[in-house]
Amino acid sequence: MEESRRETRPLTPDFGSQNISVVKGHGPRLSKINLISLLSLWLELFPQEEPEQDDNQIHSVGLVVLRNNKVVGLHYSGHELHAGQAAIIQHAGRLTDCHLYFSRRPCATCLKMIINAGVSQISFWPGDPEFSMLRPNPHTHTGRITEEAALDAVATEKLKSNSSSHICLLLQPVVADMVQFVGETSRECDFMVMATDDNPGLNTEELFWREQEKYLEDFSKRFLIEDCRQHREILTQMHLENFCMEPYFSNLRHNMREIVKVLASVAAGVPQRHYGFHQETGSSVPPYHKGVSQEIARHCIIQARLLAYRTEDPKVGVGAVIWASKQLTSLNGPAHLSLVGCGYNAYPAGSQYGEYPLMDAKQEDRKRRKYPYIVHAEQNALTFRTRDINSEEAAMLFVTKCPCDECVPLIRGAGITHIYTTDHDRDKNKGDISYLRFSNLKGIQKFIWQRDPAS
């Protein structure tokens, strides 16, 4: 079935069609809601200057802001500001008619400001809210809902009831075989290939599965509620009693687990041990543009990897995210990042599946190849950026594949100062697409995914 006419990139408005069925053997595709769920959950884990306190009843939160189907904000909780408060400060009245997607139901403190801004829709992950209801009981070793959490739930419900904003859950079933597909492609992505090339004796399959298992355990503890009784009680406190009934409750928990499995696989595809983004020598930019820490760089490249699973390319998914930061004075200091744009490779906006050729370089008839028609991830991120790039700030592009010759002049002309990527295809000419210009790209700091020289 063909998808309806698409709107502007980087996200398309379909909710049900998640697969390009006209291409034999093509893997499943993340739906818009699945992608937003994954981005919001991952943003909750944005590296912090000061770690989250175990006894703090306020959870960190990730937030994705959409206006007219375009991502205009990616936000995360900091040491002082909640994610919702950060969005209010940055966007203010421009949040009118926006859709906000939270990794947790926002607390009443954030919700009152968001509703007041005229937000059209607020969606949230159906787990423990931002104002946590799960407080350990030292006598019974089980969770309990505190009086403060109950009061926040009452205030939140009253705000919701008196609001014109539509407030709903952020969750959708994952398309069949998506979990398996993400696991297989993450295990074979460029980041894992680079690890194999650097160390032919490394068992990358074992490395991947070990990393995936670790992330799955960590993410399950954070985003899922193991105890069914506690989960039902929390849903009831949030006035979501309908989801506590079977089979809805079991389906809800299954869908949540599937999303968490996908996130664990994507994160495992960028191994941490002995690898990272290391700067190439020879480029010159203002001295205060130092880039970001390894933790933040890796976090941002995983954002791009999530976007890549929304691709319309029948073979290769590519994702790109552009962040800006003013005068980064220290690699270990706070980043204060501001989103410029994000995107994935896709056919032109407004087209339908099957309107353009879908074949790759193996197809002998060049007229039936996809390359002249696919809009690259970097091009979509720049075309639908949320704001201009200022000359006094660092503009950092995180892209899952080495930029091709078609994108290099656009990156330079847009004012990008830093590129974080792999160079698996560097200096290769594949006929329809080549990667020869990247090596000669001057005036931009390149951080290439590779083995740590000191390890």
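Predicted model: local features only at pLDDT ≥ 70, side-chain atom pairs only at ≥ 80, totals over all residues.
**Exercise 1. What does a side-chain oxygen of D227 reach at the start of α8?**

Residues are numbered from 1 along each chain as its sequence is written, and side-chain values use heavy atoms, with hydrogens and water left out.

*Step 1.* Find α8, a helix spanning residues 228-237. Helices here are DSSP runs (H or I, at least four residues), as are strands (E, at least two), numbered from the N terminus.

*Step 2.* Look at the start of α8: the oxygen of D227 comes to within 2.8 Å of the backbone nitrogen of R229.

*Step 3.* Now look past the helix, where H239 follows with a positive phi, near 60°.

**Exercise 2. Which residues of α8 are buried, and why do they line one face of the helix?**

*Step 1.* Pick out the buried residues (under 20% relative accessible area, 1.4 Å probe, protein chains only). In α8 they are Q230, H231, I234 and L235.

*Step 2.* Look down the axis of α8: its buried residues fall within an arc of 135°, so they line one face. The arc is taken from the directions between the helix axis and the C-beta atoms.

**Exercise 3. Which way do the side chains of β12 point?**

*Step 1.* Recall that side chains in a regular strand alternate between the two faces of the sheet.

*Step 2.* Check β12 (residues 418-421): H418 and Y420 point one way, I419 and T421 the other, and all are buried.

**Exercise 4. In what order do the six strands of the open sheet lie?**

*Step 1.* Start from β12. Its parallel pairing with β11 (residues 393-399) has three bridges, and two strands count as paired if DSSP finds at least two bridges between them.

*Step 2.* Turn to β13 (residues 445-451), which runs parallel to β12 and is joined to it by four bridges. Here I419 stands opposite K446.

*Step 3.* Write the whole order: β8-β13-β12-β11-β9-β10, with mixed pairing. At the edges, β8 (275-279) and β10 (338-344) each pair on one side only.

Technical notes: Buried < 20%, exposed > 50% of the residue type's maximum accessible area, 1.4 Å probe, protein only. Polar contact = N/O pair within 3.5 Å; in protein donor to acceptor, adjacent residues only side chain to side chain.
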